[in-house]
Amino acid sequence: MDAGDPMLPPLFADWFASRGWTPRAHQLELVQRGLAGRSTLLIAPTGAGKTLAGFLPSLIELAPLADQGPRRPHRLHTLYISPLKALTTDVARNLEAPVREMKLDLRLEARTGDTPPHRRQRQRAYPPDILLTTPEQVCLLIASEHARVFFADLKAVVIDEIHALAPTKRGDLLALALARLARWAPQHRRVGLSATVADEADLARWLVGSTPPPSEGRGPGGGETLSEAKLAVMRTRQTSRIAPPPSPSPRGEGVIVRAPPGAQPIVDVLDSDARIPWAGHTARHVIPDVYEAIKRVKLALVFVNTRAQSELVFQELWRVNDDALPIALHHGSLDVQQRRKVEAAMARGDLRAVVCTSTLDLGIDWGDVDLVIQVGAPKGCARLVQRIGRANHRLDEPSRALLAPSNRFEVLECRAAQDAVAEGALDGAAPRVGALDCLAQHIMGCACGEPFDADELYAEVISAAPYADLPRAQFDRAVDLVATGGYALRSYDRYRRIVQDPHTGRWRARNASVAQQHRMNVGAIIEADMLNVRLAHRAAARATAAKADAPRPLVPGRRLGQIEEWFIEGLTPGDTFIFAGQILRFVGLREDDVLTVPAPGAQEPSIPSYAGGKFPLSTFLAERVRQMLHDPKRQKTLPPQVREWIKFQKKRSVVPAPEQMLIETFPRGPKNYLVCYPFEGRLAHQTLGMLITRRLERIGKHPLGFLASEYAMAVWGLEPMGDVDFARLFDEDMMGDDLEAWLAESALMKRTFRNCAVIAGMIERRAPGEAKKTGRQVTFSADLIYDVLKQYEPDHLLVQAAFADAGEGYLDLKRLGALLKRVKDRIVHKDLPHVSPFGAPVMLELGRVPIQGQAEDAILEDAAALIAEAMS
């Protein structure tokens, strides 16, 4: 097939016809662009066949080679990368159908962390034509011997759900890996696939990269580059035939192809007759309505935002499941075999509903899902659109979604998200700067694959979009980190991981053991310390037992999944908790196994929570909520209970304008409270609380504690706070010395440093011939290194990386800075005799945080009395 020919080869055209399909315009355009060697970012809704579009050019190119018969040597032609192992496996299974039905003699194989070692070794020695894998496996292959030969014939890289990878550390490592592939296989093209993209131009830059390394003749996709001024957007032509492609521009060409948007999704917000809670996230009041919605459809996905919430919602649904509907549970801590059973049952149509977390967010086709239910606010519009796309994979029919807010503030957030979906508006992460710990890991990986020249590697690194502005001095410090550990650690031999050849000047791994150790620790996913949850059973009776009637000991049985170690440490034998959709009684701990027995009917079992499980409210939705609060027309569409709540807030206090920040001060009992309403998300509010309490302490107000919700932040103490100079208290200068002083005494920096040190390879969790290090062992090592660096090299590269991580991932400093700038000279203060209607939900929030050095202040609120006071 000629690159300018818009028609499919007869073999492929016949295959489409046999399925009763007609190739879509964007699929044909990707064929044309792919055969011309051009990279493409395809933005297409769920059900538009974007995965097939990404593979079609490769299958067409490989088809003539297949005719040569089975004796031809197989070489890696196409590399498919997805963020999930399950998605990789699912796509491999779906791709086998056209390959089998067109009788193409192709080898396509999946490679994930679950692939047996012997198969991975065979894949390296005899590469398949198409390899489907994850970012971590790509990094591992690059760090392997003869990696250049393995990738030399690569023609295409397909990155699925690219929007989920690019703004993360996994995306940093993948961008660096792609830059390495551009050196080894400069002829390869790249295809990015996504349904939800906020900043298309930025994602296209991430996909293609910038100027290729000067030692190579061309970069990925036939020498195309992207720049701010030259980025052209190619719109898909809605015709069955395609015009010849334009000639490449000297500086780059359009890489973005948009498919038609498909049918507009139908998104409803549940307006329950039940009383809407003022606070909390259990959503018990909507469970009967959610159950009725499930009964009306064939299959519903019930999304929640945390694993703990999924267990609770699952229990509540089964409590009202009088019809015994088959309702299942799916989240990342369940045993993989249990998850696969649920997925298979979904595909067969055996289930009516699945309560799930982000494990089912991305593009896996689990069957005919009729309805997506989001319990609790979605926290981001792009995430909501992604989840809605799980329903109805037919492009010409609308997906249906039902949002079920769990409290009154969430009603506002769900309505804001509903409006955003209707407008086609999306939120998304801002372009990120590549992480320095990931850079260090990549440098080590390159040295393990083959010796590298520092000048060449630097040119290669800055061709990756996240590292485009990396100064050479910072790159050299990263090389020195891998070579010596840095100035303060260079006397320790264990940190000498790469050495420089005195003759060639190239850097290589110090020895085979160091290289193997690196390969065992590749990746940017930091796993929490997990224990296996198992159902215990009595050991089999022994004939030699001294007493035949002696009680037999409990031994580990079927594995239910994994739970974080810190949660189990807080239990004593006999305590009950919810896990894997059932109530369990804790029996004891045996090595890495948590022994449990079923405890149906147990009262008030604990619900495990998991680190990193909460999504922050996006800036995009926060702004829309502030606008809604000040828009009387929009308020008329809200439920009567919520309208009354806002009405009373206006009467008792004030509803701030979108750019204002309301601060309320009031007494309650022996304590005095300060509550502000920034609407900027829990992370930013937690950081604000830390800094504000330091300032209040300094001016003699003696704060006792604070709490942060997604919408507000409250501080309490014994002294009245209505006479504070709030303009000075909330001044932007708190981001300077106050922040630095707090971080110096906070445990947060040590925690983030530990993660950075693991990713950079300074601390290895796995080593050849040794047992995996426990979390305590890793923390002990990291704390020792951090204390040394803090004293002798405070500007160490990893300390910088830890500060950047803390600011972005834990403190949300960028957002807090924007908040302080937004409300400067726009603070509205109300000194009230008692709590306001907006303040009541904040007072009822859980998760109060004690101040450093103070005893935790536990406040037990009478909810009914508090609400009556707020509405009086």
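**A helix and a sheet**

Helix α29 runs over residues 775-792 of this predicted model. How far apart are its end C-alpha atoms? They lie 26 Å apart. At 1.5 Å a residue, its 18 residues should span 26 Å, so the two values agree.

Now look at which residues of α29 are buried. They are G775, V778, A782, I785, Y786 and L789. These residues cover an arc of only 105° around the axis, which means that they sit on the same side of α29. On the other side, R776, F780, Q791 and Y792 are exposed. The buried residues have packing partners: α28 (748-760) and α30 (797-810).

Next comes the sheet. It is open and has 6 strands, in the order β8-β13-β12-β9-β11-β10. The pairing is parallel. Which strands form the edges? They are β8 (266-269) and β10 (327-330), and each pairs on one side only. On average, neighbouring strands are turned by 20° against each other, direction ignored.

Strand β9 covers residues 300-303, and strand β12 covers residues 371-375. They pair in the parallel sense over 4 bridges. L301 has V372 in β12 as its bridge partner.

Helices pack on the sheet too. Helix α15 (residues 381-388) touches β8, β9, β12 and β13 (400-404). The direction of α15 makes about 145° with that of β12. Helix α16 (residues 408-423) also packs on the sheet, where it touches β8 and β13. Between the directions of α16 and β8 the angle is about 165°.

Notes:
Residues numbered from 1 in each chain as written. Predicted model: local features only at pLDDT ≥ 70, side-chain atom pairs only at ≥ 80, totals over all residues. Heavy atoms only, no water. Helix = DSSP H or I, 4+ residues; strand = E, 2+ residues; numbered from the N terminus. Expected span 1.5 Å × (residues − 1). Buried < 20%, exposed > 50% of the residue type's maximum accessible area, 1.4 Å probe, protein only. Arc of directions from axis to C-beta. Contact = heavy atoms within 4.5 Å. Pairing = 2+ DSSP bridges. Axes fitted to C-alpha atoms, helices over the stretch in contact; angles between N-to-C directions.
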